[in-house]
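Visitor: I'm new to this one. Can you walk me through it?
Guide: Gladly. Take a look, then ask away.

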Amino acid sequence: MSYKLPIPTPGTHTQPFWAGTKLGKLMLPKCQDCNRVHWYPRFLCPHCHSNKLEWIEASGEGTLHTFAVQHMAFGPYAKEAPFVTAYIDLKEGDRMLTVLRGVDPTKPEEIRIGSTVKVEFEAANDDMHLPFWRVVGE
Ligand SMILES: [Zn+2]
């Protein structure tokens, strides 16, 4: 494995998410009271403050809401620049921040807001698989 960047440490309320990524699944917290999903994982639903939460397997599909080319970065990310960060509108609802793959950061004029994106996973090590998103269509 060649992943050299910092790796997240799962906490009690994010462990189901990371267990899912290891299986190639995008898991999202969903409120059993208002039926809405939210990102990022929290102890309470940010929409209605209920603590009746469950995890659902998401489709892994979404659309590109917006993006930014990162020309400068710090620490271990410095040598990754330029790269593209983006907000993804998840098919199930809410929005996820990500590093966008499959785009050329030197040609931002070719990146289209509203493009169809799909999640993919990269094994950072044997225990941690990280989600990234890739443009798959207009
Ligand atoms: Zn709710």
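Visitor: Which residues does Ile88 touch, leaving out those up to four places away in sequence?
Guide: This is a predicted model. In it, Ile88 touches Gly62, Leu64, His65, Arg95, Met96, Thr98, Val117 and Trp133.

Visitor: What about the largest nonpolar core, how many residues has it?
Guide: It has 17 residues. Ile88 is among those with the most contacts inside it, along with Leu64, Ala86, Leu100 and Trp133.

Visitor: Which strands each supply at least two residues of this core?
Guide: Strand 3, strand 4, strand 5 (95-101), strand 6 (116-123) and strand 7 (129-137). The largest share, four residues, comes from strand 4.

Visitor: New topic. In what order do the strands of the barrel run?
Guide: The order is 3-4-5-7-6. The barrel is closed, has five strands and shows mixed pairing. On average, neighbouring strands of this sheet are turned by 50 degrees against each other, ignoring direction.

Visitor: How many bridges join strand 3 to strand 4?
Guide: Eight, and the two strands run antiparallel. Strand 3 covers residues 61-70 and strand 4 covers residues 83-90. Thr66 stands opposite Tyr87 of strand 4.

Visitor: And strand 1, why is it largely enclosed by the rest of the structure?
Guide: Because four of its five residues (27-31) are buried.

Visitor: Which residue in strand 2 does Pro29 stand opposite?
Guide: Trp55. Five bridges join strand 1 to strand 2 (residues 53-57), and these strands run antiparallel.

Note on methods. Residues numbered from 1 in each chain as written. Predicted model: local features only at pLDDT ≥ 70, side-chain atom pairs only at ≥ 80, totals over all residues. Pairing = 2+ DSSP bridges. Axes fitted to C-alpha atoms, helices over the stretch in contact; angles between N-to-C directions. Core = buried A, V, L, I, M, F, W, Y, C linked by C-beta atoms within 7 Å. Buried ≥ 20, exposed ≤ 12 C-beta atoms within 10 Å, placed from the backbone. Contact = placed C-beta atoms within 7 Å.
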